[in-house]
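The exercises below are to be worked with the sequence and the coordinates at hand. Each task is followed by a solution in steps.

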Amino acid sequence: MDQNEGMRRAAWKMSGGRCQLCGKIPASQREITFSRNVGMLFQRREYSVRGHMCSRCMHRTFLQYFVLNLCFGWWGAISFWVTTVFFFQNFWNYVMGLFELWKEGHG
Ligand SMILES: [Zn+2]
């Protein structure tokens, strides 16, 4: 956790600790990041979403990014590797996010 994340977390807690996607409680104390790549053969673009999420938004966003990576991610030499890394990163963040909720007693 870097210093900025600590400050963002404090601000988030002060504002009620809600899910930053849908506004529900409880949300994970841990910031979750999901990333996706769009490969266009010789170009590519990255998108990501970051925030404290409830379990429903975690499931939904993970699945959405998984499908979008699967459909649009691979198209290009660099994109192929970037998308592979994103798959593992997203999965890891997903598991850690759910684990965090479970640890906090909301699993
Ligand atoms: Zn939510």
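**Exercise 1. Contacts of F34**

Find the residues in contact with F34, leaving aside neighbours within four places in sequence.

Solution. The model is predicted. Two residues count as in contact if their C-beta atoms, placed from the backbone, lie within 7 Å. With neighbours within four places left aside, the contacts of F34 are S48, V49, T61, F62, Y65, N90 and N93.

**Exercise 2. The largest nonpolar core**

Which residues make up the largest nonpolar core, and which element gives the most to this core?

Solution. Step one is to list the members: A27, I32, F34, M53, C54, C57, M58, F62, Y65 and Y94, which is 10 residues in all. Step two is to assign them to elements: strand 1 (32-40) and helix 2 (55-73) each supply at least two residues. Helix 2 gives the most, with four residues. As a general background, nonpolar side chains tend to be buried together in soluble globular proteins.

**Exercise 3. Helix 1 and helix 3**

Compare the end-to-end span of each helix with the expected span, then list the buried residues.

Solution. Start with helix 1, residues 3-14: at 1.5 Å a residue, its 12 residues should span 16 Å, and the end C-alpha atoms are 17 Å apart, which agrees. The count of buried residues in helix 1 is zero, so by the cut-off of 20 or more other C-beta atoms within 10 Å, none of its 12 residues qualifies. After helix 1 comes G16, with a positive phi near 115°.

Now take helix 3, residues 77-103. Its 27 residues reach 40 Å from first to last C-alpha, close to the expected 39 Å. Buried in helix 3 are S79, V82, T83, F86, N90, N93, Y94, G97 and L101. These buried residues pack against strand 1, strand 2 (43-51) and helix 2. Just after helix 3, G105 has a positive phi of about 90°.

**Exercise 4. The setting of Q89**

Solution. Q89 lies in helix 3. There are 14 other C-beta atoms within 10 Å of Q89, so this residue is partly exposed. Q89 and A10 are 79 residues apart in sequence, and their C-alpha atoms are 25 Å apart.

**Exercise 5. The chain as a whole**

Give the order of the elements and the extent of the C-alpha trace.

Solution. The chain has three helices and two strands, in the order α-β-β-α-α along the sequence. Along its principal axes the C-alpha trace spans about 45 × 25 × 20 Å. Of the 107 residues, 24% are buried. Among contacts with a separation of 6 or more, 72% join residues 24 or more positions apart.

Technical notes:
Residues are numbered from 1 along each chain as its sequence is written. This is a predicted model: local features need pLDDT of at least 70, side-chain atom pairs count only at pLDDT 80 or more; totals for chains, interfaces and linings use all residues. The expected span of a helix is 1.5 Å times one less than its number of residues. A nonpolar core is a set of buried Ala, Val, Leu, Ile, Met, Phe, Trp, Tyr and Cys residues joined through C-beta atoms within 7 Å.
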